[in-house]
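This report describes the chains shown below and the way in which they meet. Please keep the sequence and the structure in view while reading.

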Amino acid sequence: MSAVVELEAVSRTFPGSPPVEAVKEAYLTIDDGDYVAIVGPSGSGKSTLLHILGCLDAPTAGRYRLLGRDVGELSDGLRTALRGTEIGFVFQAFHLLSYRTALENVMTGLVYNRTPRRDRRRQAREALERVGLGHRLDFTPRQLSGGERQRVAIARAIAPKPSLLLCDEPTGNLDSKTTASILDLFDELRTDGLTLVVITHESAVSGRAERQVDMTDGILIEEAS
Amino acid sequence: MSEQVKPITHRIVRSRLLIRDLIAEAVAGMLARPGRTVLTILGTVLGVAALVATLGLAKTAGNQIVTRFDALAATSVSVSNRTEGFFFSPSREDVSVIPWDAEDRITRLNGVVAAGTMTLVDTEGELMSSVPINDPLGQTRYAVDVIAASPGLFDAVIADLGTGRFFDSGHDLRREPVAILGPAAAARLNINRVDQQPAIFIGDNTLAVMGILDDVARETSLLQSIIIPNGTARELFGTGAPAEVHIRTEVGAAYLIGEQAPIALSPNEPEKLRVRVPPEPRAVRSGVESDVNTLFLVLGGVALLVGAIGIANVTLVSVLERVGEIGLRRAVGAARRHIASQFLVESAAMGFVGGVIGASAGVLVVVAVSANRQWTPVLDVQVPLLAPFAGAIVGLVAGLYPSWRASRLEPVDALRGGT
């Protein structure tokens with residue numbers, strides 16, 4: 001088994017009085033093809049953990065290895081490059097550009113990571129077809145439903161063919177029916193071999209994952225499956 | 001499953017943003033909120049339009065003033081002896097290099113409308129009167145300048161006759177004792193009509209008054225003088241040589257005549273003559289321009305500054321509004337410099353578009369004002385061509401701070417914001 005993510009005694013402390021230790025000495029290994037749900041109440045530090053996993057934030061202590069590479073040793077510019085090629089993000093708030101079509105939104109995920117210009121449109125269309133939106137290429141987010149918007153965001157995340165897909169409360173803004181269809185999509189992506197990490201506080205979401213990690217007050221506890 | 005893993009053993013390749021992509025992103029950002037973009041651009045439009053219109057109107061007005069000025073002053077040329085003070089009568093023949101036939105020599109030149117010599121006559125202190133008696137009770141004798149003139153002088157200085165007639169070349173050749181009075185001289189000598197052939201007395205000489213001037217456009221010293229023919233002056237007072245030549249040219253010929261006249265008058269020693277030509281029109285024009293320019297360029301600059309502040313303001317607001325977009329771009333691999341350059345190009349592009357619209361508006365203003373005043377619109381070609389780039393620079397400078405702010409945002413903080 002080869003690990004995509006290896007956390008060794010990772011901590012993240014925010015300065016202040018008193019300092020807030022959002023993540024405390026976390027150990028976590030995520031293998032290729034894993035589907036991991038990180039569950040916890042709000043304020044438990046799971047968003048901070050996701051930011052560290054996504055190279056958006058750096059741990060204050062411990063070691064984080066992504067694909068065998070120690071992220072702590074990388075410069076800001078290289079961590080940025082790593083995000084662009086190896087990590088896909090799906091956010092609760094979608095973060096779509098409201099004035100661009102679905103296709104253009106997916107293509108923004110390919111602008112910065114050296115995907116050749118001529119390949120971007122094709123790759124973006126394939127990603128949109130993968131999430132079942134092949135018929136909505138020229139729709140702007142305003143014209144799409146909530147579930148469709150989240151599918152566009154997922155397409156944007158998977159278009160660069162990342163090694164790791166990080167989802168931060170991906171169904172937080174969706175009703176239960178739409179949530180179910182998004183979770184079905186995650187299952188399909190999982191079957192395709194994508195490594196998935198989903199942060200959630202909904203048991204309906206975490207129940208679909210094969211591994212569940214509980215997070216309470218910054219402490220990680222993996223539940224026996 | 002393990003064979004699918006691709007550990008990063010190779011070098012991580014840095015993020016990149018192609019120029020084409022940068023421009024596409026910036027243009028899309030501009031078009032995302034067209035209404036706001038138009039309002040943002042408005043300040044630059046006004047500033048650039050003010051600058052272009054100012055430069056154009058100054059040049060147009062300057063050109064117009066010179067054209068009017070030409071009509072009277074730019075056709076006047078005078079030649080005098082360099083060695084002597086201006087308007088000085090040489091008593092010896094060899095001092096002046098201006099010959100007595102100067103009028104003939106000059107009128108032969110192409111472009112000359114009229115020419116005549118003018119010389120202050122040395123009357124050796126004789127006083128003038130219109131009555132041949134000494135009245136012990138009242139003053140009847142006055143000191144009045146006597147000027148010897150060739151017949152063409154009256155036309156050359158644009159003299160209007162009040163009554164009587166001018167003397168002609170016949171009077172000159174026959175050295176007849178005749179005189180024309182300037183209106184001021186006539187009043188002093190108590191002569192106001194010539195139909196009874198009044199006489200004036202200069203010492204022992206008697207001169208018949210032929211006419212009285214009404215006005216003179218140039219050389220107003222003639223207004224208070226007694227004017228006699230050259231021949232008469234030589235006969236009665238032994239005047240040696242003409243002191244100066246006045247020339248009226250056709251419009252535009254003044255500079256050419258100014259060069260030719262000394263050679264025509266004194267082929268051997270043209271350098272001994274001093275020529276007065278009207279001021280260079282270009283000098284007058286630039287003088288007018290600089291007057292108008294300094295005032296309005298300051299106004300245009302202020303307008304442009306206001307435009308720049310407008311762009312800076314809106315770009316800053318836009319950065320704060322688009323925090324989510326910035327966070328997302330950082331998440332998908334945009335480096336800080338990519339974020340900064342996107343906002344910089346956006347503000348520079350807004351400045352450029354503002355410059356294009358402003359330059360067009362400025363040119364329209366120049367044309368409209370010119371049409372209204374029936375002027376000829378004049379504008380340097382470079383001005384409207386360079387204006388858009390001035391606008392782009394304004395936008396670029398205005399975008400510096402907002403772009404820097406945008407690039408400093410931490411992605412984690414940026415993503416926490418909405419949209």
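## Chain B: secondary structure and burial

In this predicted model, chain B contains 13 helices and eleven strands. Of its 419 residues, 46% are buried.

The contacts of chain B can also be sorted by separation along the sequence. Among those between residues at least 6 apart, 85% join residues at least 24 apart.

## The sheet of chain A

Chain A has an open sheet of four strands, arranged in the order 2-1-4-5 with antiparallel pairing. Its edges are formed by strand 2 (20–31) and strand 5 (69–70), each of which pairs on one side only. As a general principle, the strands of a sheet pair through backbone hydrogen bonds, in either a parallel or an antiparallel manner.

A:D70, in strand 5, is the bridge partner of A:R65. Helix 1 (residues 46–53) of chain A packs on the sheet, where it touches strand 1 (3–14), strand 2 and strand 4 of chain A. The direction of this helix makes about 55° with that of strand 2 of chain A.

## Where the chains meet

Contact between the chains involves 31 residues of chain B and 34 residues of chain A. On the chain B side, helix 1 (19–32), helix 10 (323–331) and helix 13 (411–416) each supply at least two residues. Which helix of chain B gives the most to this side? Helix 10 of chain B does, with five residues.

By residue type, the side of chain B that touches chain A comprises 17 nonpolar, eight polar and six charged residues.

Key
Residues numbered from 1 in each chain as written. Chains lettered and ligands numbered in written order. Predicted model: local features only at pLDDT ≥ 70, side-chain atom pairs only at ≥ 80, totals over all residues. Pairing = 2+ DSSP bridges. Contact = placed C-beta atoms within 7 Å. Axes fitted to C-alpha atoms, helices over the stretch in contact; angles between N-to-C directions. Buried ≥ 20, exposed ≤ 12 C-beta atoms within 10 Å, placed from the backbone. Nonpolar A, V, L, I, M, F, W, Y, C, P; charged D, E, K, R; others polar.
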